[in-house]
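Please keep the structure open while I talk.

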Amino acid sequence: MILFIVTIIYHFFFLNEKSINKQKIGETFLKIIMQIIGNDGTLIIPTYTYSFSKLRNGVNFKKKEIFSLQSETQIGFFSNYIVKKKIGLRSEDPFFSCIAIGKKNKEIVKNISNNSFDENSVFSRLLKLNVKFLNFNFNGYTFIHYIERKLKVKYRFDKEFTGFIQKNKKKVNKKWKIFVTSKKSKFRDDHSRLIKFMENKKLIKKIKYKRGEISITDANKIFNSIKYKLKNNRYFLTTFKN
């Protein structure tokens, strides 16, 4: 099994972030997941940093940051727990890096191009390997932007950024592209219709737990659902901005 996992653990466990032992929860969570996927499995954890942009995870910073394989992520303590633990391999992507742990880690994260969503990106490999997506209290997939690019939607375009990547104590100047919407675009992302369609077709399995939920599906099901729906509505994955 190859598993891509996104989680907001403290909300899922109905816990207050300030009152939890993040180290202990991280250790327990990782141990359980690795036991489930087994010795032949691979676990992929998103460790996004958005380093080449001043806008990072909705927060405006005064300057860009230098990306390194030790850079702190912007998407939660479990991802940062994995970064600090220094296990697996991390992709050198200053926007959407991932850490892969297990048998196929090199195949997934090594030798990627300088475009986070092209045909030699981590996300392209998720489709080729038909990776399973396991979400804890999270209803979306960054993977969708790769599919949008592959299917040539009109409301996004490749935008180039520049910045520095730290390598062997040297700063390397790098150009990087991601697939974005224009600031002037009248559309914004809205994947609720996709999630509802896949749930109705039983393409996503879900269970409720306390005030959260766990969901699982796979890359092929996401791709085929989007391809099918975009045939009749090229803006299926969006809604109008307010």
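Serine 225 touches Leu194, Phe197, Met198 and Leu203, leaving out residues up to four places away in sequence, where contact means heavy atoms within 4.5 Å. Serine 225 is found in helix 8, and helices here are DSSP runs of H or I with at least four residues, strands being runs of E with at least two, each numbered from the N terminus. With a relative accessible area of 3%, serine 225 is buried; buried means under 20% relative accessible area, exposed means over 50%, and partly exposed is what lies in between, with a 1.4 Å probe and protein chains only.

Before going further, a word on the source: this is a predicted model, in which local features need pLDDT of at least 70 and side-chain atom pairs count only at pLDDT 80 or more, while totals for chains, interfaces and linings use all residues. Residues are numbered from 1 along each chain as its sequence is written, and side-chain values use heavy atoms, with hydrogens and water left out.

Now to the helix pairs. Helix 7 and helix 8 pack at an angle of about 110°, with their axes 11 Å apart; the axes are lines fitted to C-alpha atoms, for helices over the stretch in contact, and the angles run from 0 to 180 degrees between N-to-C directions. That makes helix 7 roughly perpendicular to helix 8, since angles of 65 to 115 degrees are given that name, under 35 being roughly parallel, over 145 roughly antiparallel, and the rest oblique. On the helix 7 side the contact is made by Leu194, Phe197 and Met198, and on the helix 8 side by Lys221, Ile222, Ser225, Ile226, Tyr228 and Lys229. 

Helix 6 and helix 8 pack at an angle of about 45°, their axes being 10 Å apart, and that makes helix 6 oblique to helix 8. In this pair, Phe143, Ile144, Ile147 and Lys150 of helix 6 meet Ala219, Ile222, Phe223 and Ile226 of helix 8.

How much of helix 6 is buried? Six of its eight residues are, so that the helix is mostly covered, and the buried ones are Phe143, Ile144, His145, Tyr146, Ile147 and Glu148. What covers them includes helix 5, strand 7 (132-136), strand 9 (170-180), strand 10, helix 7 (192-200) and helix 8. Just after helix 6, lysine 152 takes a positive phi of about 60°.

Phenylalanine 117 lies in the loop between helix 4 and helix 5 (122-128), and at 1% relative accessibility it counts as buried.

Turning to the cores, a nonpolar core is a set of buried Ala, Val, Leu, Ile, Met, Phe, Trp, Tyr and Cys residues joined through side-chain atoms within 4.5 Å. The largest has 48 residues, of which Phe4, Ile44, Leu126, Phe143, Ile222 and Ile226 touch the most other members. Helix 8 (residues 219-230) gives the most to this core, with five residues. Apart from it lies another core, of 17 residues, among them Ile5, Phe29, Tyr81 and Ile101.

Finally, the charged pairs: a search of the whole structure finds 11 salt bridges, a salt bridge being a side-chain nitrogen of Lys or Arg within 4 Å of a carboxyl oxygen of Asp or Glu. Arginine 156 meets glutamate 148 in one of them, at 3.0 Å from N to O, and both of these residues are buried. Aspartate 189 also forms a salt bridge with arginine 156, the closest N and O atoms being 2.8 Å apart. Because aspartate 189 lies in strand 10 (residues 187-189) and arginine 156 in the loop between helix 6 (143-150) and strand 8 (157-167), the pair ties together parts that are 33 residues apart in sequence. Aspartate 189 counts as partly exposed, at 32% relative accessibility, whereas arginine 156 has a relative accessible area of 10%.

By contrast, where lysine 103 and aspartate 40 meet in a salt bridge (3.6 Å, N to O), both residues are exposed.
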